Amino acid sequence: MNIAVGRPDGAEVIELGGGWRDALPEPGEPRRGLRAAATALGVALLLSFGGAAPLPVNLVELARIPVADARATDPVFARDVVLLRGQGRLTAYELSDGSPRWSVELPEKPQLSNIVVAPAVPEIVVVAQADGDGELSVALDLVTGAELWRTRELMVPVGDVVHSMGSVYVADGAPAVHFADLRTGARLWTMPDAVNVAFDDEDDTAWTVSPTGLVTAYDVHDGRVLRTGTVSVPATVDSAFAGGGELVIGYSAAAGPRLARFDGTTLAALPVTAPGGWGGAECGPVFRCALLSDPVGGLEVVDRATGAVVRRLLRGPFLVRGSHLLVFDRDGDRDGDLDGGLGPRPHTVIDLGSGRETDVAGWTVLWEQTPITVLVRPVEDGAVLQVARLGPDGPEILAQLPGRVQRCAFEQRTLLCTHDGNQATLWRLLD
């Protein structure tokens with residue numbers, strides 16, 4: 001274990017582990033006893049520094065795991081496990097210690113892969129994948145890994161049902177969408193004329209919008225028609241989206257793609273304040289974010305309770321990540337990358353609960369984490385990854401991880417990083 005103190009940036013950091021290039025243990029072999037090792041290290045440091053307080057060990061390695069592809073692996077956190085593909089299997093690893101809970105045989109590098117745990121049925125994971133052997137969807141018990149059902153269609157959850165991913169074509173050649181019970185896989189009903197479809201998890205509604213604007217809303221459980229009507233858009237409807245009680249319709253105009261918003265119950269038109277964009281962004285329970293029209297552009301952060309504008313941001317673009325609003329430079333400089341390799345790199349984050357702004361220039365916000373807690377940045381030409389906690393005064397460096405890291409995710413005090421081609425490591429953030 002290597003100790004590095006007094007780096008040029010003034011930070012005191014610890015390099016954990018002797019590198020990620022050691023021979024891998026058996027798949028999912030946990031790295032147990034590390035808290036004891038960390039304690040022993042602290043005692044040794046205390047003695048070697050003549051009684052000085054030991055440096056904190058903030059991350060402890062739990063397990064090293066083989067994965068299918070370090071660059072393309074997307075870990076899925078579900079309750080108290082993380083799901084990873086590797087060695088021709090899908091395996092659930094315990095977040096507490098990195099040990100495997102269950103493992104099932106599934107191709108490790110499908111051409112398309114979608115792994116979802118629906119909030120309405122958190123005890124079941126639905127895996128949809130497509131490759132040279134065709135399409136497949138499997139529902140697995142999250143606790144035991146037992147297979148509950150499978151089908152040769154690509155299915156994705158909405159509420160407590162699943163529906164075919166995109167339109168399928170029935171006997172007469174018309175597009176349709178099949179719906180089935182998420183728990184049993186039993187077919188429930190089929191949506192006809194399924195063009196420009198949209199699904200709203202919040203109110204269990206499925207929509208179809210014809211190219212001319214004819215709207216039909218269905219109950220996802222039984223196909224009952226909830227409402228019909230016509231919306232007026234300037235051109236042929238290209239797409240539809242639904243959420244938060246609104247229906248959003250996409251169409252093409254001479255100046256490019258455009259969106260039109262409608263109330264999901266009355267189908268009344270709603271204002272779109274920014275050309276080509278949705279009128280606002282979901283900014284949590286305290287704030288609502290409203291886009292400003294060009295040429296000034298920018299974003300207004302509005303207090304939901306009072307309607308008062310609490311902050312007006314004239315630079316952009318902006319990105320909402322659950323607990324925080326991420327602010328980027330409009331010119332897209334090197335410290336304002338909207339989609340870096342490890343995640344977006346904003347220059348400022350705004351806590352949507354407190355309104356506090358924090359400068360995070362040069363740091364990356366991991367895509368996979370709820371809420372935003374951990375930041376990372378490659379140093380030494382990418383050979384080392386610094387890991388920091390988002391503190392009230394800015395990033396607080398926790399540790400340095402050796403190895404060329406490809407992807408990282410953080411949930412429930414567990415950091416997972418893929419690296420070196422086909423490896424992943426789980427780390428626990430200590431108190």
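Trainee: What should I keep in mind about the model before I start?

Mentor: This is a predicted model, in which local features need pLDDT of at least 70 and side-chain atom pairs count only at pLDDT 80 or more, while totals for chains, interfaces and linings use all residues. Residues are numbered from 1 along each chain as its sequence is written, and side-chain values use heavy atoms, with hydrogens and water left out.

Trainee: How many salt bridges does a search of the whole structure find?

Mentor: Side chains of opposite charge can pair when their charged atoms come close. A salt bridge is defined here as a side-chain nitrogen of Lys or Arg within 4 Å of a carboxyl oxygen of Asp or Glu, and the search of the whole structure finds 11 of them. One of these joins Arg 101 to Asp 80, with 2.9 Å between the closest N and O atoms. That pair links distant parts of the chain, 21 residues apart, since Arg 101 is in strand E7 (residues 100-105) and Asp 80 is in the loop between strand E4 (76-78) and strand E5 (81-86). Strands (E, at least two residues) and helices (H or I, at least four) are DSSP runs, numbered from the N terminus.

Trainee: Which residues are linked with Arg 101 in a network of salt bridges?

Mentor: The network links Asp 80, Glu 94 and Arg 101.

Trainee: What other salt bridges could I look at?

Mentor: Arg 224 and Asp 222 meet through their side chains at 2.9 Å, N to O; Arg 224 is partly exposed at 46%, and Asp 222 is partly exposed at 41%. Another salt bridge is formed by Arg 312 and Glu 300, whose closest N and O atoms are 2.6 Å apart. Arg 312 lies in strand E28 (residues 309-313) and Glu 300 in strand E27 (residues 299-303), so this pair ties together parts that are 12 residues apart in sequence. Here Arg 312 is partly exposed, with a relative accessible area of 47%, whereas Glu 300 is buried, at 16%.

Trainee: How many aromatic pairs does the search find, and why is the pair of Phe 179 and Trp 189 called stacked?

Mentor: Rings of Phe, Tyr and Trp (its six-membered ring) pair if their centres lie within 6.5 Å, and planes under 30 degrees apart count as stacked, over 60 as edge-to-face and the rest as tilted. The whole structure has 3 aromatic pairs by this search. In the pair of Phe 179 and Trp 189, the ring centres are 4.3 Å apart and the planes are at 10°, so the pair is stacked. Phe 179 lies in strand E15 (residues 175-181) and Trp 189 in strand E16 (residues 187-191), so parts that are 10 residues apart in sequence are tied together.

Trainee: How do I read the pairing of strand E36 with strand E37?

Mentor: Two strands pair if DSSP finds at least two bridges between them. Strand E36 (residues 384-391) and strand E37 (residues 394-402) pair in the antiparallel sense, over 8 bridges, and a hairpin joins E36 to E37 through 2 residues. Val 384 has Pro 402 in E37 as its bridge partner. Also in strand E37 is Ile 397, which is partly exposed at 21%; its C-alpha atom is separated by 7.0 Å from that of Gln 386, 11 residues apart along the chain.

Trainee: Where is Gly 343 placed, and is Gly 343 buried or exposed?

Mentor: Gly 343 sits in the loop between strand E30 (324-327) and strand E31 (348-351), and Gly 343 is buried, with a relative accessible area of 0%. From C-alpha to C-alpha, Gly 343 and Thr 364 are 5.8 Å apart in space, while in sequence they are 21 residues apart.

Note on methods
Buried means under 20% relative accessible area, exposed over 50%, partly exposed in between (1.4 Å probe, protein chains only).
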